[in-house]
Amino acid sequence: MKLEILRPGFATTVQDLGRPGHAALGVGRSGADDRGSFRLANRLVGNPAGAAALEVTLGGLVLRASALTTVAVTGADCPLVVGGRAFGLNSPITLHAGSELSLGLASAGLRCYVAVRGGIDVPPVLGSRATDTLGKLGPPPLAAGMLLPVGEDALGFPAVDLAPRAALPASPVLRVTPGPRRDWFTDPARLLSTVYTVSPDSDRVGIRLTGPPLERARHDELPSEPCVPGSLQVPPSGRPILFHADHPTTGGYPVIAVVDEDDLDVAAQLRPGQTLRFQA
Amino acid sequence: MTVRLLPCGRRAVLVESDDVLGYQAALAQAPPDGVVELVPAARTLLVRFDPAVTSSDRLGALLRQVSPVDSQVASAAEVVIPVVYDGEDLAEVASETGLSVEEVVARHSAGSYVSAFCGFAPGFAYLGGSDPALHVSRRSSPRTRIPAGSVAIAGEYSAVYPSASPGGWRLLGRTETPVWDVERDPPNLLPPGTRVRFRELP
């Protein structure tokens, strides 16, 4: 069983739950950006939670199944078409041999997850099949003509045939706790009173935010220190970068606050131009 | 020995210590309940924990009582890295430090280094212990591509680029020794604590 990639879309990678525990080697966790949507996609096709699936940015993916299988798409709100018929998100979809699944352009949210029953079976690197776009580990981003092997790593038949999900917030509020270098800023509380906008140069490494710059109280150079996902690192521009799935394991700019890991899935769906706030 | 605890989200504490590797070695010998990962860097150690098992307050109280141990005792054998010193920045480093190119090479290859931490890229080890005369700043504009195996310096550190990447360090030479290989277990030749020497190849 294989999936043939006819069109890769804007940016599509293979993801799973990543490679935790290797940060001391300079290897970040990586894995699905929106882990909740990723897990749900696997559950809907009866896979273990960590089976490898596709992460599709903004849609545009077209693939063909070589044999009868079940897929599910979760995450960003994206039109789905199989054999000329529209299908919905968050529900198992049967693909026959030769059927094509097309993802249109996402109208809300940024990232879709396409799980296939049995999981994508590319060779793991350091225990994970995830593409780390910063560390250049795992399979390369998808390209037209690629054939992805599908494994047999499925559990029982899917028990759920529809998983209702709340609409994505238009202007989310992300919860934060103080970061290690909060005291390096003249007015750190300003982080909480500013409405930030997502910059177009955001990616799996970090979500760049625009807004009034945060002013530094200390200007000495910070020796590189370890970072966690959700770190709000502030480079000399004063505009924070929210570290996401492929963030560097260490960073040389002060971290003013850390976004709760529970809120990173919401952050993963932020589109360029969307606004957001932080709340203590 | 002063230890300062800094907040770092709901699942980690950042420990500032004068002896990061020694502090890490002490924690590794007797890890407190709930600790899932230790990540060292230049002056800080990240202690990640499972919030279902412990809390930052409970863990913090334990972390304040930890005293660094001698990390050198626990460290592995010395790794010797043969280097051809023909880097693009040798002349620039020489003129900036007031040394001759030969002296830069002699001082760099005479040093005894310890891998302090990894970061920047998989397998990129920051090797501390270089001759203070060789402490130079990064290039003001980074190169877009530095080949794998490049031996370079910046600040108080030396490094071997594990894979081709952009970078702002000053290039002194190159080595054939692979410092990163995902097919190898462990993939990293220079994990934190490893002692390293550079040997000049003709």
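User: In this predicted model, which residues of α1(B) are buried?

Analyst: The buried residues in α1(B) are Val20(B), Leu21(B), Gly22(B), Tyr23(B), Gln24(B), Ala25(B) and Leu27(B). To read such a list, one needs a cut-off: a residue is buried if 20 or more other C-beta atoms lie within 10 Å of its own. Helix α1 of chain B covers residues 20-29, and because seven of its ten residues are buried, the helix is largely enclosed by the rest of the structure.

User: How many of the 280 residues in chain A are buried, as a percentage?

Analyst: Of the 280 residues in chain A, 52% are buried.

User: How many helices and strands does the secondary structure of chain A have, and in what order do the strands of the open sheet run?

Analyst: Chain A has three helices and 20 strands. Its open sheet of five strands is read in the order β2-β3-β10-β5-β8, and the pairing is antiparallel. The edge strands are β2 and β8 (93-95) of chain A, each of which pairs on one side only. From one strand to the next, the twist averages 25°.

User: Over how many bridges do β2(A) and β3 of chain A pair, and which residue stands opposite Val14(A)?

Analyst: The antiparallel pairing of β2(A) with strand β3 of chain A, residues 53-57, extends over five bridges. Within β3(A), the residue opposite Val14(A) is Leu54(A).

User: Into which domains is chain A divided, and how many residues of each domain take part in the contact between them?

Analyst: Chain A is divided into domain 1, residues 2-149, and domain 2, residues 173-279. The contact takes 19 residues from domain 1 of chain A and 16 residues from domain 2 of chain A. On the side of domain 1 that touches domain 2, the elements giving two or more residues are α1, β5 (69-77) and β10 of chain A. By class, this side of domain 1 has four nonpolar, nine polar and six charged residues. The C-alpha centres of the two domains of chain A lie 27 Å apart.

User: How many residues of chain A and of chain B are in contact?

Analyst: In the contact between the chains, 27 residues of chain A meet 31 residues of chain B. On the chain A side, the elements that give two or more residues are β12 (173-178) and β15 (225-226). That side of chain A divides into 14 nonpolar, nine polar and four charged residues.

User: What is the phi of Ser30(A), and what is that of Lys136(A)?

Analyst: Most residues other than glycine have a negative phi, and most peptide bonds are trans. Ser30(A) is not a glycine, yet its phi is positive, near 55°. Ser30(A) lies in the loop between β2 (11-15) and α1 (35-44) of chain A, and it counts as buried because it has 30 C-beta neighbours inside 10 Å. Lys136(A), also not a glycine, has a positive phi of about 55°. Its place is the loop between β10 (108-116) and β11 (147-149) of chain A. Lys136(A) has 14 C-beta neighbours inside 10 Å and so counts as partly exposed.

User: Is the peptide bond from Asp185(B) to Pro186(B) cis or trans?

Analyst: That peptide bond is cis, with omega near 0°. Pro186(B) is placed in the loop between β12 (170-174) and β13 (195-201) of chain B.

Technical notes:
Residues are numbered from 1 along each chain as its sequence is written. Chains are lettered from A and ligands numbered from 1 in the order in which they are written. This is a predicted model: local features need pLDDT of at least 70, side-chain atom pairs count only at pLDDT 80 or more; totals for chains, interfaces and linings use all residues. Two residues are in contact if their C-beta atoms, placed from the backbone, lie within 7 Å. Helices (H or I, at least four residues) and strands (E, at least two) are DSSP runs, numbered from the N terminus. Ala, Val, Leu, Ile, Met, Phe, Trp, Tyr, Cys and Pro count as nonpolar, Asp, Glu, Lys and Arg as charged, and the others, Gly among them, as polar. A residue is buried if 20 or more other C-beta atoms lie within 10 Å of its own, exposed if 12 or fewer, and partly exposed in between; C-beta atoms are placed from the backbone. Two strands pair if DSSP finds at least two bridges between them. Axes are lines fitted to C-alpha atoms, for helices over the stretch in contact, and angles run from 0 to 180 degrees between N-to-C directions. Domain bounds come from an automatic or database domain assignment.
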